[in-house]
Amino acid sequence: MAYNSFGARLRAVATTLGSAVALTLAAFATVPSAAEAASITLYNAQHEQVVNLLAKDFEKQSGISVKIRNGEGPAMAAQIVAEGAATPADVYFTENSPELMLLEEKGLLNKVDNSTLATVPTRFNSPTGAWVAVTARENVLAYNTTKVQASQLPQSLFDLAKPEWKGKIGIAPSDGDFLPLVSAVLALKGEAQTVQWLKGLKANAQIFDDDEGVVAAVNRGGVATGLINNYYWARLHAELGDAKTRSAIYHFANGDAGAAVNVSGAAVLKSAHNTDGAQKFLAYLVSERAQELMAKSHVMFEYPLHAGVAPDPILKPFAELSPPPLTIQQLGDDSQAGKLLRQAGLL
Amino acid sequence: MSEALSAGPPAVSTVPARARSRAPRGLFAAAALSALLVLLPIAFTFWRAASFGAAEAIDLIFRPLVGELLINTLMITVSTTLVSAVIGTAAAWFVERTHLPGRRAWAVLSAAPLAMPAFISSYAWVSLSQDLQDFTGALLVLTCAYFPLVYLPVAAALRGMDPALEESARALGCNRWTTFIRVVLPQLRPALLGGMLLVALGVLSEFGAFTLLRFRTFTTQIYAEFRTSFDGGGASLLACLLIVICLIVLAFEFRVRGAARYERVDRGTRRAVLRYELGVWRWIVVAGLALLSVTTLGVPLGMIGYWLTQPGAAAVTPADVSPELLFNATISSLGFGLAAALLTTLLVVPLAFLLVRYPTRFATLFERTVFLAQGVPGLVIALAIVSLAVHALQPLYQSATLLVIAYSMLFMPLALVSVRAAFMQAQPRLEETARALGLNWSQTLLRVVLPLAGPGLGAAAAMVFISVVTELNATLLLSPLDTQTLATQVWADTSTMAFAAAAPYAALLTGISLFASGLLFALLGKSALLGERS
């Protein structure tokens with residue numbers, strides 16, 4: 001991989017040229033101490049506020065304190081790869097499965113305890129048991145209710161690439177949640193059709209930095225519709241209230257690629273300093289208690305995967321969703337998605 | 001090295017030439033270290049970008065997206081700079097050259113927005129109305145944040161102007177307006193241009209406000225690259241383009257600032273400046289200035305106050321404010337601010353001293369190198385440091401030390417200006433007298449040099465402190481594990497639209513910034529702002 005040779009060359013340069021500087025700096029460096037037995041380090045790409053709440057609750061229950069580093073899913077996965085064995089992370093908790101698949105393929109993950117894996121339906125978990133699914137989220141189309149009638153909405157995700165949607169669709173190609181959608185389309189339709197679809201989107205779409213930006217623009221009428229994950233709309237709605245909400249969400253039907261479901265999951269790193277504590281945290285994440293906390297958080301709005309824990313009532317019941325038939329393996333590790341986005345001029 | 005050193009210009013003072021021409025090795029090395037520190041992330045970014053093949057680099061640079069970003073970035077930079085120039089100059093002229101009711105208050109209110117970070121005011125505006133986004137919102141927020149950079153130098157220039165020229169113009173038949181255009185404005189040129197270029201540099205480096213306002217520029221895209229691939233390298237290419245644009249602006253700024261020094265050579269006695277009567281117009285001007293203050297300070301402070309009283313989503317979600325988190329974030333912000341203020345000031349002291357006492361070519365080279373940091377966006381420096389640390393400086397990776405060093409790299413230029421000025425005012429004769437009277441070097445330093453340069457050092461530290469507390473980019477990328485600051489908390493809550501949850505952090509951040517700015521103001525003396533001896 002590119003970063004490996006890059007890292008090696010850099011190390012060479014650093015040792016020959018920069019060692020004096022490095023030594024000076026290291027002289028007053030506080031070397032991060034090895035994790036204490038009673039703590040774990042969490043690399044978190046899930047919602048900061050919810051995870052803070054979960055971490056506190058876990059601490060109270062187990063006596064194991066949780067140190068958190070927050071970031072965006074794909075960046076944190078790449079960061080863990082770059083850090084290699086030196087990573088301070090014990091647990092990685094993220095919003096989409098491809099980032100976990102990447103780490104799994106690189107052999108960086110430890111197997112999750114069987115009892116933890118058994119808590120959620122097997123089809124959502126890692127095929128090899130390297131990570132556990134925690135919650136699920138759905139891709140949807142948000143639309144401005146004053147600009148678009150429900151009857152005018154597209155049948156399929158692919159309609160959005162047609163000329164009649166020019167200027168009427170908002171997307172956030174650099175958001176961690178857009179890559180898995182591209183991966184889903186790629187797995188379902190193949191490369192040629194995916195690139196064609198992305199080029200159509202490029203011609204039609206207004207580009208935003210993240211899904212929060214897309215849904216906010218849809219709500220204020222800056223753009224008529226937007227591709228997002230369902231919970232962004234729910235969160236905006238929770239913050240603005242009914243009176244200021246001028247948008248709604250539309251679920252693609254008939255197993256359309258646009259209705260793809262992604263799972264959030266968590267994993268224990270092979271290089272973990274506190275494997276036991278890390279496994280306990282994963283078991284906690286899928287426990288009924290934690291899943292109830294997430295479902296009632298009013299910030300997260302994802303589908304809990306623990307049987308018997310009901311999602312937030314604002315969400316369409318999970319059984320009524322119509323996702324395309326895709327397995328976690330088919331969805332893959334997002335390695336192609338970025339390339340195709342660049343090819344289409346979206347990144 | 002010593003050979004090259006002795007080639008410096010001959011000394012011009014009463015000190016024996018041999019003692020003057022050669023700086024102590026330790027001093028020289030210490031000064032070189034600060035220059036090297038600044039150079040490191042910049043060189044690294046270019047080196048990283050160069051590791052792409054030519055074909056790949058061309059593909060990455062000449063993609064449509066980069067064109068769009070370029071247009072957006074240049075549009076917002078040019079517009080903000082022009083609007084700031086007009087507003088800043090108008091405000092300065094009315095405050096300095098007319099009999100305006102409440103002149104002193106307007107002077108303070110026109111400078112105060114500098115203490116209000118752009119990402120905090122964009123939080124306020126976005127939470128007021130979701131419609132204020134894109135270009136319009138960005139123009140509004142950035143102009144509010146940066147027009148004082150034009151106001152301050154222009155006001156100072158207006159205060160220092162000789163009224164004789166204007167009187168001659170009036171006597172020769174020019175009306176007020178033609179006098180302003182043909183006599184006042186040309187004299188304002190260095191101050192005005194210098195201020196405008198500082199605005200341009202600020203806008204080019206801005207990141208937080210653009211993201212919250214959903215306006216895409218080079219900085220937001222560099223961050224997007226980071227978010228999708230950590231240190232994948234694509235960001236470094238964009239960063240190089242941005243650095244080049246910034247360095248062009250910086251080069252202009254150097255030229256203008258250089259010119260400004262010559263204009264201020266004449267310091268003869270002159271009468272007080274002319275002040276015009278505004279008649280009934282004064283109320284319109286007062287209304288205009290009031291509107292400006294409401295926009296730049298009233299709305300942000302008002303919105304923070306509003307959200308402080310709102311339970312909002314905070315009452316029903318876990319995004320509530322835990323007093324513990326609030327306390328920890330405040331302590332981190334203050335701690336980083338103080339540590340960075342101390343380190344940065346310490347780092348620039350040898351260089352400033354070298355520049356004043358041993359002004360060789362090398363000293364100037366070091367000075368220029370440090371000023372390069374002004375032209376490199378914080379986000380770019382932070383990204384480079386993350387990459388460097390993860391690959392080559394593992395012990396420092398994710399440590400508080402590294403973040404403090406990063407702050408120093410960012411804010412050394414700020415501190416250098418102030419510390420150098422302080423040493424310039426401290427006459428070498430006093431040190432020599434102290435030595436002649438039997439004090440050794442360290443005693444001289446403690447009892448003569450530092451007390452003389454004290455206020456300047458304090459001002460430098462205060463400026464760095466304010467900048468660090470309100471800094472977002474480096475903090476976001478480099479903050480140690482499990483460490484939140486006020487700025488990163490505002491960021492986390494605002495980007496998930498939890499406005500009520502962000503309010504206490506925003507309030508504390510703004511409070512600290514305003515308080516420290518007030519302290520700085522007291523340190524520099526009222527004359528800096530009002531042109532009067534306190």
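Leaving aside neighbours within four places in sequence, which residues is Thr146(A) in contact with? The residues are Gly221(A) and Arg246(A).

## Confidence of the model

The predicted model scores ipTM 0.73 and pTM 0.82. Chain A has a mean pLDDT of 87, with 89% of its residues at 70 or more. For chain B the average pLDDT is 82, and 88% of the residues score at least 70.

Where pLDDT is low, the predicted coordinates should not be read in detail.

## Chain A: content and domains

Chain A contains 14 helices and eleven strands. It has 347 residues, of which 56% count as buried. Taking the contacts in chain A with a separation of 6 or more, 77% join residues 24 or more positions apart.

The domain assignment divides chain A into domain 1 (2-136 + 263-316) and domain 2 (137-260 + 333-343). Contact between them involves 23 residues from domain 1 of chain A and 14 residues from domain 2 of chain A. On the side of domain 1 that touches domain 2, helix 4 (73-83), helix 5 (97-105) and strand 5 (132-144) of chain A each supply at least two residues. Helix 5 of chain A has the largest share of that side, with four residues. By class, the side of domain 1 of chain A that touches domain 2 of chain A consists of twelve nonpolar, five polar and six charged residues.

## Chain B: domains

Chain B is split into domain 1 (40-257 + 278-309) and domain 2 (310-534). The C-alpha centres of these two domains of chain B are 21 Å apart. In the contact between them, 41 residues of domain 1 of chain B meet 41 residues of domain 2 of chain B.

Several helices of chain B give two or more residues to the side of domain 1 that touches domain 2, among them helix 3 (25-50), helix 11 (176-205), helix 14 (234-263) and helix 15 (281-309). Helix 14 of chain B provides the largest share of this side, eight residues. The residues on the side of domain 1 of chain B that touches domain 2 of chain B comprise 31 nonpolar, six polar and four charged.

## Nonpolar core

The largest nonpolar core has 285 residues. Those with the most contacts inside this core are Val91(A), Tyr92(A), Leu383(B) and Ala406(B). Helix 19 (residues 400-425) of chain B gives the most to the core, with 16 residues. In soluble globular proteins, nonpolar side chains tend to be buried together.

Not counting residues up to four places away in sequence, Tyr92(A) touches Tyr43(A), Met76(A), Ile80(A), Leu103(A), Ala266(A), Ala267(A) and Leu269(A).

## Thr146(A)

Thr146(A) is located in the loop between strand 5 and strand 6 (169-171) of chain A. Thr146(A) counts as exposed because 10 C-beta neighbours lie inside 10 Å, and a residue with 12 or fewer is placed in that class. Thr146(A) and Asn219(A) are 73 residues apart in sequence, and their C-alpha atoms are 9.5 Å apart in space.

## Two residues with positive phi

Most residues other than glycine have a negative phi. Asn254(A) is not a glycine, yet has a positive phi of about 55°. Asn254(A) sits in the loop between strand 9 (247-250) and strand 10 (261-269) of chain A, and is exposed, with 9 other C-beta atoms within 10 Å.

Arg214(B), also not a glycine, has a positive phi of about 60°. Arg214(B) is found in the loop between helix 12 and helix 13 of chain B. Is Arg214(B) buried or exposed? Arg214(B) counts as buried because 26 C-beta neighbours lie inside 10 Å, and the class requires 20 or more.

Definitions and conventions
Residues numbered from 1 in each chain as written. Chains lettered and ligands numbered in written order. Predicted model: local features only at pLDDT ≥ 70, side-chain atom pairs only at ≥ 80, totals over all residues. Contact = placed C-beta atoms within 7 Å. Core = buried A, V, L, I, M, F, W, Y, C linked by C-beta atoms within 7 Å. Domains from an automatic or database assignment. Nonpolar A, V, L, I, M, F, W, Y, C, P; charged D, E, K, R; others polar. pLDDT = per-residue confidence, 0-100.
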